[in-house]
Amino acid sequence: TPIPPHSPPAMSVPPRAVVAVAQVTSTPDKEHNWLQCSALVREAAGRGARVVFLPEGFDFIGTGPEQSLRLAEPLHGHTLGRYQHLARECDVWLSLGGFHERGPDWDTTGRIYNCHVLLDNSGAVVATYRKTHLFDVELPGSVSLRESSFTNPGPAIVPPVDTPVGKLGLAVCYDLRFPELALALRGAGAQILAYPSAFTVPTGAAHWEVLLRARAIECQSYVVAAAQTGRHHEGRVSFGHALVADPWGTVVAQCHEGPGLCFADIDLEFLERVRRDIPVQGHRRRDLYGCPGAPAS
């Protein structure tokens with residue numbers, strides 16, 4: 001039936017593409033961490049976020065490998081089940097940025113995966129990325145961590161996922177130092193790159209913001225980095241400074257000290273304009289330097 005001349009035209013106005021980025025202080029106490037994170041998710045949903053990003057170790061940060069192995073769970077366990085219910089309750093997508101996963105090979109390897117889990121607003125698991133670059137670092141007098149002593153490296157890059165705010169590429173923390181991963185996700189269509197993290201204080205103070213902005217600039221993508229902050233236990237402190245950088249490399253949202261949230265609008269029209277004005281992807285000389293930025297297989 002034709003619309004009468006006096007009727008206003010029907011308009012489809014998409015909802016705002018708001019993301020919320022969490023900054024938390026996880027401890028070995030899973031219940032403490034759940035209460036902290038779930039309160040932030042409910043606050044974010046109440047303020048209009050479509051996707052809420054939680055950091056690496058949102059489930060817990062243990063005092064050492066033995067405790068981390070003991071506290072780890074499978075994806076179908078109690079902890080993830082609570083977050084699936086929370087996603088449904090709050091009608092939001094959740095980026096659970098670094099879950100200590102007892103994978104299918106737990107019985108044979110006795111080792112876990114650092115798994116970035118993406119839930120949709122029905123609570124369904126829509127993607128799982130297992131951290132491919134493990135953090136084995138010795139900084140004399142300050143940091144000594146060897147993730148590979150109890151964690152299996154992930155086997156593959158995960159193709160970007162369609163979300164209510166754009167195509168999301170999944171990574172975890174130390175992956176930030178490897179632009180090849182970011183470029184592969186960009187080549188596969190990512191508009192947003194997520195780096196949920198638990199950066200140490202010395203590496204964070206020196207490299208955190210500059211690396212995140214660099215990934216945003218070279219991939220012409222939004223970069224979302226949820227973060228751990230403060231003292232987790234006697235032996236571990238995290239840098240914090242959770243942030244969102246836009247495709248021009250501008251920090252458009254950032255958390256202050258302590259647990260909390262920051263919010264950002266994801267403007268895909270702006271992203272496309274940046275890519276159109278400086279068409280970096282089309283200028284890559286793969287004939288000279290191989291395939292960084294090629295679609296992920």
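Glu101 of strand S3 (residues 93-101) stands opposite Tyr113 in strand S4, where helices (H or I, at least four residues) and strands (E, at least two) are DSSP runs numbered from the N terminus. The model is a predicted one, in which local features need pLDDT of at least 70 and side-chain atom pairs count only at pLDDT 80 or more, whereas totals for chains, interfaces and linings use all residues. Residues are numbered from 1 along each chain as its sequence is written, and side-chain values use heavy atoms, with hydrogens and water left out.

S3 and S4 (residues 113-119) run antiparallel and are joined by six bridges, two strands being taken as paired if DSSP finds at least two bridges between them. S3 is also joined to strand S2 (residues 51-54), in this case through four bridges and in the parallel sense, and Trp93 of S3 is the bridge partner of Val51. Strands of a sheet pair through backbone hydrogen bonds, either parallel or antiparallel. Nine of the nine residues of S3 are buried, so the strand is largely enclosed by the rest of the structure; buried here means under 20% relative accessible area, exposed means over 50%, and partly exposed lies in between (1.4 Å probe, protein chains only).

S4 is likewise mostly covered, with seven of its seven residues buried. In a regular strand the side chains alternate between the two faces of the sheet. S4 pairs with strand S5 (residues 125-130) over five bridges in the antiparallel sense, and Leu118 has Ala127 of S5 as its bridge partner. The hairpin of S4 and S5 has five residues between the strands, and within this hairpin Gly123 takes a positive phi near 90 degrees.

A further set of six strands forms an open sheet with mixed pairing, in the order S8-S9-S10-S11-S14-S15. Its edge strands are S8 (161-163) and S15 (251-254), each of which pairs on one side only. Neighbouring strands of this sheet are turned by 25 degrees against each other on average, direction ignored; axes are lines fitted to C-alpha atoms, for helices over the stretch in contact, and angles run from 0 to 180 degrees between N-to-C directions. Within the sheet, S10 (residues 192-194) and S11 (residues 222-225) run parallel and are joined by three bridges, with Tyr222 of S11 as the bridge partner of Ile192. Helix H6 packs on the sheet, touching S10, S11, S14 (243-245) and S15, and its direction makes about 150 degrees with that of S11, contact meaning heavy atoms within 4.5 Å.

H6 (residues 201-219) has 19 residues and reaches 26 Å from its first C-alpha to its last, close to the 27 Å expected at 1.5 Å a residue, the expected span being 1.5 Å times one less than the number of residues. The helix bends by about 50 degrees at His207, where the bend is the angle between axes fitted to the seven residues ending at a residue and the seven starting there. Buried residues of H6 are Thr203, Gly204, Trp208, Leu211, Leu212, Arg215, Ala216 and Cys219. The axes of H6 and helix H5 (residues 179-187) come within 10 Å and cross at roughly 35 degrees. Pro179, Ala182, Leu183 and Arg186 of H5 make the contact with Arg215, Glu218 and Cys219 of H6.

Most residues other than glycine have a negative phi, and most peptide bonds are trans. Just after H6, however, Gln220 takes a positive phi of about 50 degrees. Cys173, in the loop between strand S9 (166-170) and H5, has a positive phi near 45 degrees and is buried, with a relative accessible area of 6%. In the loop between strand S13 (236-239) and S14, His241 also has a positive phi, near 60 degrees, but this residue is partly exposed, at a relative accessible area of 24%.

Asp107 lies in helix H4 (residues 106-109) and counts as exposed at 73% relative accessibility.
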